[in-house]
Amino acid sequence: MPEIFPPVSASSPALPTPAAPGPSHRWVWWLLGICGLLLGLGLVVQHFLDPWLRRKLEKQVATQTHGQYRLHIDALETSLWQRAIRLRGVRLRPAAQVADTLPRVRLDAARLHLTGIGLLALLRKSVVPIDSVVLDSARIEVLALAQKSTRNAGQPLHERLPLKMKGLEIGYFGLQHTQVNYAPGGQSTARFQRADLSAHDLHLSSAGAADTQRIAYAAAWNLKLLRAQAQAQGHHLGAKSLTLSTEDKEIQLDSLQIRPDGPATGKAARVNLSLPRLRLTGLQPAILQHRHQLRADSLLLQDARLTLVPPAGKSGGASDLGRYVRSLDLAHVVVQRGYFHLADDQLNATVRGIAVKGTGLHVDSTGAGGGRRLFFAKAWEVAAGRSQATGAAHAISLTNLNLSTTAGSFDLRGVRVRPPAPGQGQPGGVRVDLTLPSLAVRGLDAAALQRQRQLRASSVVLAGGRLIFSPPKTPPPPVWKLLAKAVRRTDVAELRVERSFFKIGGLRHSPEINDINLTARGIRIDSLAALTPSRIIYARGWKGSSGRISAPFDPPYYRAYSQRARLDTDARTFHFGQMELRPRFTPVQLNLRKGYQVSALAIQVPALDFSGLDFAGLVRRADVRAARVVLTRPTVRISSDGRGPINPHRSKISPEEMRKLPVTVDVRRLDIVNGNLSSRYRSPRTPIPGTLGITRFTGTFRNLSNDRRRQTRATPLTGRATTYLQNRVRLDAQVSMYLLDPNGQHRVWGTFGSGPFNILNSMTVPTRLVEFKKGDVQRIRFDMQANRQGTTGTMWAQYSGLQLELLGYKQEEIKKTLIKRIISKAVNVIVIRDQNPRKRGKLVSGQMISTREPRFSVFTLWRQGVVSGLFDNVGVPQKLAQKLSESKDEAPLPK
């Protein structure tokens with residue numbers, strides 16, 4: 001049977017060949033073997049690596065700090081497969097005594113996780129990539145700061161990495177649920193109940209430091225602080241939360257509180273701040289870090305309440321900005337519902353309801369705003385509510401304030417300035433009592449104010465103001481010097497004062513002006529404008545009107561009034577309407593108060609007009625220079641009482657007194673139109689007053705001047721006037737008077753018209769007990785020379801039928817007694833000549849000789865000359881006529 005199936009050779013293709021193990025399957029076994037070996041080795045390494053690495057880290061900290069710090073790690077787990085290290089219970093403790101080159105810090109952390117570590121790069125000591133580094137639930141305490149710096153203190157962080165690594169590239173870095181307590185033992189402390197800090201794409205390397213798009217090596221940072229507290233510079237700070245996101249370019253601060261800590265010392269500023277919300281958006285932190293320039297889109301402050309007590313030596317300001325940043329740029333600044341209180345020795349101010357909007361804010365380290373900016377911004381919108389301040393012992397308040405640099409407007413409403421209470425304030429200092437319902441400024445050039453310190457405006461309007469101003473005893477500097485501290489120059493196209501009241505207090509003659517309406521154009525205030533002759537109170541021109549003006553005159557005896565006034569400096573006109581001078585006492589009261597005889601004057605002038613008035617000289621030197629002055633229908637009432645001593649003082653109403661005036665008076669022409677004078681005199685002889693009237697006085701006087709260039713002997717004062725005595729006898733008179741003559745030499749001449757002598761009885765009967773019984777005047781002509789010694793001159797009186805009657809006063813009644821009748825008969829026969837020309841046709845003249853009494857006015861001297869000449873003309877001997885003219889009443893003061 002073996003032959004039936006013969007054997008097949010190996011080369012025969014008909015039979016299959018059995019497969020033998022080949023080299024192509026051996027690598028699988030090798031790979032499996034190697035993996036098994038590595039796995040076993042890894043398990044062995046994993047078992048021994050974690051303790052070794054933990055001990056290595058603890059030893060490394062002790063070695064690098066020279067035993068000054070001790071690190072303890074409760075647990076350390078590594079994962080070679082995940083390239084991760086996880087630490088739990090990390091504690092860093094300083095030694096009992098730390099070197100002065102190291103800070104004293106305590107650290108407790110629940111967890112520290114490092115994942116995605118580039119092991120190969122770590123072994124090569126190149127830039128090591130790490131996916132994430134997270135420190136969770138840490139507590140950091142800074143107990144002291146280093147007292148001395150080390151050699152590498154100035155090196156950047158990436159050059160001080162351990163293991164001589166060239167850098168770290170961390171995808172995510174986080175500090176979570178971190179508590180920080182900063183208490184280095186000084187006056188500055190800080191505490192954060194919770195802080196969360198994270199960074200994305202953190203490159204701690206030279207490339208990361210050079211990348212200008214990164215912030216502190218990272219592409220983005222996020223920080224959140226909760227319930228933060230700090231103490232620095234004598235203040236306690238607290239905040240509910242602080243959120244910072246460089247990716248969102250935003251910082252938000254909630255519930256910030258700053259309170260002074262301890263008593264005030266006066267050497268440092270004290271700040272009390274409550275800020276519910278601060279929000280900064282559009283922040284560019286990369287520019288802040290690399291260029292030291294703070295740039296952002298908007299800054300919002302809500303409901304801020306700030307109380308500031310400046311230090312005794314004020315300093316700082318914008319110049320302090322250079323310590324932190326070179327410049328500050330904010331597109332928008334908004335303050336909502338703010339409150340500010342400045343508590344200073346010089347100024348105590350409170351501002352409520354503050355609303356601020358600023359655009360284009362720019363501040364550099366020099367404090368300059370640059371460009372066309374006002375207070376460092378391109379535009380400001382500022383509003384404030386009810387506010388108060390106290391400065392120079394004055395209480396200041398206002399209802400609201402509005403400022404718009406874009407519209408060029410500034411408005412104040414409800415301004416009130418109250419003067420110091422009696423006994424308060426600087427003695428002899430200025431006192432201001434002001435009520436100003438409205439102040440409006442338009443066309444304000446804010447850029448010029450900031451750049452050139454030049455205040456420019458198209459109009460300033462003050463409406464309804466009421467100002468009582470008491471100047472200081474020491475004259476203040478001019479206005480331009482007062483303003484020079486704030487602005488170099490002021491230019492206002494138009495200034496208007498509407499419906500206002502003004503009073504100057506504290507002076508002997510303090511005027512009150514009601515219903516003021518003034519318009520000034522072309523105002524310029526600086527040192528040059530103050531010297532420009534064409535400007536009047538710094539303006540090119542003034543127009544205005546007022547209501548009632550009143551002022552004390554020779555206080556407390558008189559008060560002067562004007563019911564209305566108008567002025568126009570361009571037309572050089574000044575008008576007063578319904579002027580009055582009123583005595584506050586009767587003649588008897590005046591005599592008793594003064595202690596001697598004083599006349600009570602009452603003057604009314606319906607219209608007083610100045611034309612061609614030199615306003616510039618009037619304002620600068622109080623000089624009165626005018627082309628023409630017109631008094632229309634003036635009325636003068638003189639009331640006198642002859643009981644009391646004669647006034648002991650020299651009269652000021654005399655020609656020679658013009659030389660003594662401290663100001664220049666130069667009136668080219670003075671016109672008095674239809675004036676009236678009435679005199680009422682009570683003599684010691686009888687209680688019945690005598691009266692005399694001069695009516696329809698119309699005169700023109702030229703060259704009323706004490707200017708030596710105009711007043712000369714060749715060009716003296718001249719005048720011509722017409723009036724009526726007792727409204728019946730006409731008087732034409734002329735005067736020529738050299739006002740600079742020290743002897744007061746002048747000439748008066750004129751004529752009286754026809755009339756009866758008895759028109760004088762209303763004065764002579766009760767005061768002199770002399771009655772003109774009969775007689776008529778046809779004409780009286782006189783020519784009188786007068787000076788400081790007296791009068792001389794001649795009078796020619798033409799009259800007829802003159803008879804006098806001497807009277808007596810008995811039983812409170814003026815009577816014709818028997819003795820007086822006998823004497824009167826003798827006087828009329830022996831002394832009085834009943835007519836002139838005399839019976840033979842001779843016209844007899846009389847001598848106007850009388851001695852000057854310096855205590856009486858020049859008008860009394862003229863009356864003495866006329867009386868002396870008239871008595872001499874009617875037959876009274878010249879010596880007796882002179883004595884009669886010089887007679888004066890002098891009796892004990894009334895009781």
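**Notes on the predicted model**

1. Ala 216 sits in the loop between α3 (206-210) and β7 (218-232); helices (H or I, at least four residues) and strands (E, at least two) are DSSP runs, numbered from the N terminus. Its phi is near 50 degrees, a positive value in a residue other than glycine. Ala 216 counts as partly exposed because its relative accessibility is 32% (buried means under 20% relative accessible area, exposed over 50%, partly exposed in between; 1.4 Å probe, protein chains only).

2. This is a predicted model: local features need pLDDT of at least 70, side-chain atom pairs count only at pLDDT 80 or more, and totals for chains, interfaces and linings use all residues. Residues are numbered from 1 along each chain as its sequence is written, and side-chain values use heavy atoms, with hydrogens and water left out.

3. Leu 769 also needs a look. Its phi is near 55 degrees, positive in a residue other than glycine. The residue lies in the loop between α10 (761-768) and β40. Leu 769 is buried, because its relative accessible area is 13%. Most residues other than glycine have a negative phi, and most peptide bonds are trans.

4. Two cis peptide bonds deserve a check. Pro 555 to Pro 556 is cis, with omega near 5 degrees. Pro 556 is in the loop between β27 (549-553) and β28 (558-568). Asn 836 to Pro 837 is cis too, with omega about 10 degrees. Pro 837 belongs to the loop between α11 (818-831) and β44 (845-847).

5. Ser 132 is in strand β4 (residues 127-144). It counts as buried because its relative accessibility is 16%.
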